[in-house]
Amino acid sequence: TVVWALDENGSDILHGAKVPTEAGRLRATIESIARPRYVGLEEGEQALWLRGILSPVSDKTMIGKALKPNGKQKGDVYDARRVAEALRVGSFEEIWHEGGEARARLQDLAVTYETLTRDSTRLKNRIQSAFRSRGFSGARAVYDPKRRADALAKLQSPTHRRRVEALANLLDAVTKERQELRKLLLAEARTNSMYPSLVSIP
C-alpha cells in the first residue's frame, strides 16, 4: 500500500511510502503523522476494510472514486500523490458507503453467490459438452439426481460415463452450497435499509 501525505501547504510529509498491507503497520504509519489526519482511499476491494482499520487513528477517512488517468503518469505512487493533493484542496469526491461492516458482509456473500453461480453454469456446460461429444442429447436430465442414472446409461464408455458422473457430483455440491448462500444473502440483505427500495424495482 502506497501512502503519500501532504501538509496544508502542499509540502511532502510522507513521499510515496510503501507500507505492507497489514493493519498494524498501516495504523502505525498514519499515527506517525501529526493531526489533523484526513485519509483518502480509492474505491476498490480493500477500501472498506482499510477504512475500518484507519478510521480510529484518523480525523476522517473517506472513500472516493478512482481518479481518472492524467497524462502519461501512471502507477500507485502517482495515484497516491493525486489523492493526497485532492484531499488537501478539497476536491476529493467522497462516495457514500452505508454501514461499513454490514455492507462488507453483504458484498462477501454476494460475491460468493455469484462465484458459485458461475461454477454451476460451467459444470452444466461441461456435462452438455460431454453428451454432445458422444452424439447424445438429454444432458439436462443429469442435473436432476432422480433422473441421472437413466441419462448416464446412454453413455456406453465406462470412463466417459464416470467423468460425467463426477461432474454431476460436483454440480450437486455446488448447487447445495449455492442454495445455502442464497438464504444467507437474502437474510443479510433484509437488514439493509435499502432493501425495501431495491425489492420494489421491477
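**View 1. Aromatic rings and a charge over a ring.** The structure holds 0 aromatic pairs. Rings of Phe, Tyr and Trp (its six-membered ring) would pair with centres within 6.5 Å, as stacked with planes under 30 degrees apart, edge-to-face over 60, and tilted for the rest. One ring does have a charge over it: the charged end of K124 sits 5.3 Å from the centre of the Y143 ring. That label requires NZ of Lys or CZ of Arg within 6 Å of the ring centre and within 35 degrees of the ring normal. The model is predicted: local features need pLDDT of at least 70, side-chain atom pairs count only at pLDDT 80 or more, and totals for chains, interfaces and linings use all residues. Residues are numbered from 1 along each chain as its sequence is written, and side-chain values use heavy atoms, with hydrogens and water left out.

View 2. Strand β1 covers residues 2-6, and strand β2 covers residues 12-18. Strands (E, at least two residues) and helices (H or I, at least four) are DSSP runs, numbered from the N terminus. The two strands run antiparallel and are joined by 4 bridges; pairing takes at least two DSSP bridges. A5 has L14 of β2 as its bridge partner. The hairpin leaves 5 residues between the strands, and G10 in the turn has a positive phi of about 90 degrees. Because 4 of the 5 residues of β1 are buried, the strand is largely enclosed by the rest of the structure. Buried means under 20% relative accessible area, exposed over 50%, and partly exposed in between (1.4 Å probe, protein chains only).

View 3. R35 and P36 are joined by a cis peptide bond, with omega about 0 degrees. P36 lies in the loop between α1 (23-31) and β3 (38-42).

**View 4. The E94–K60 salt bridge.** The whole structure contains 10 salt bridges, each a side-chain nitrogen of Lys or Arg within 4 Å of a carboxyl oxygen of Asp or Glu. In one of them, the side chains of E94 and K60 meet at 3.6 Å, N to O. E94 is in the loop between α3 (76-89) and α4 (100-132) and K60 is in strand β4 (residues 60-64), so the pair ties together parts that are 34 residues apart in sequence. E94 is partly exposed, at 40% relative accessibility. K60 is partly exposed too, at 39%.

**View 5. The D172–R148 salt bridge.** The side chains of D172 and R148 meet at 2.7 Å, N to O, in a salt bridge. D172 belongs to helix α6 (residues 158-189) and R148 to helix α5 (residues 148-152); the pair links distant parts of the chain, 24 residues apart. D172 is partly exposed at 27% relative accessibility, whereas R148 is buried at 8%.

View 6. E180 forms a salt bridge with K183, their closest N and O atoms being 3.8 Å apart. The two residues are 3 apart in helix α6, which means about one helical turn separates them. E180 is partly exposed at 39% relative accessibility, while K183 is exposed at 55%. Elsewhere, a network of salt bridges links R81, E85 and R88.
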